Amino acid sequence: SFPEQDAEVIAIAYNFYKSLGIDELILKVNSIGSKETRKNYKKKLYNYLQPYKNKLTTISQKRLETNPLRILDTKVDFEIDIIKDAPHIVDSLDKNEKRHFDETLSFLDNLNIKYIIDYNLVRGLDYYSKTVFEIQSNKLGAQDALCGGGRYDYLIEDLGGVPTPAIGFAAGIERLVLALDIKEKELIPRPDI
């Protein structure tokens, strides 16, 4: 897999929203490495969260046993406070995974696409690998994600095919329409889509 592909797909998504006049976009990126990296990181995260187990919500207590990475997605204030000092998965990346992520970020820099490294951004499905991203609009409130995606090098193989690297994203049309409606209310002409 090539980091320039990751940056190109992120740029396609980002520039699509820009072309519709949606401002104040927030691009969040992270790397979740390989299956082996995640397996090792899950142990570190589990060990970090174990002393807080009784303070977690019931859902997060279950996730601690099944997939502790999902706790990083929490929107609960006291859980956000607990995970703020949790170990970061990027610190568990091997040399090649770290280089891939650094090069992806370098390509985004060269494209003048601003981003935030969000150490808690993960994807809950095991077929994801390396780069993950989300594009948000701070105008949408709590449901601020316009699209999300990443590299899913394991998907084809998990479905019985030959190993095939891939990257993509999914976008919610409802959130796009909502973002465009907000722009219309701000007296900015809405593009015809």
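The buried residues of helix 5 are covered by elements that include helix 1 (3-19), strand 1 (25-31), helix 2 (35-49), strand 2 (116-117), strand 3 (129-137) and strand 4 (145-151), where contact means heavy atoms within 4.5 Å. Helices (H or I, at least four residues) and strands (E, at least two) are DSSP runs, numbered from the N terminus. This is a predicted model, in which local features need pLDDT of at least 70, side-chain atom pairs count only at pLDDT 80 or more, and totals for chains, interfaces and linings use all residues. Residues are numbered from 1 along each chain as its sequence is written, and side-chain values use heavy atoms, with hydrogens and water left out.

The residues of helix 5 that are buried are Glu97, His100, Phe101, Thr104, Leu105 and Leu108; buried means under 20% relative accessible area, exposed over 50%, and partly exposed in between (1.4 Å probe, protein chains only). Because they cover an arc of only 130° around the axis, they lie on the same side of helix 5. The arc is that of the directions from the helix axis to the C-beta atoms. On the other side of helix 5, Lys95 and Asn110 are exposed, and Asn110 has a relative accessible area of 60%.

At the start of helix 5, a side-chain oxygen of Asp94 comes to within 3.1 Å of the backbone nitrogen of Asn96. After helix 5 comes Asn112, with a positive phi near 55°.

Note on methods
Polar contact = N/O pair within 3.5 Å; in protein donor to acceptor, adjacent residues only side chain to side chain.
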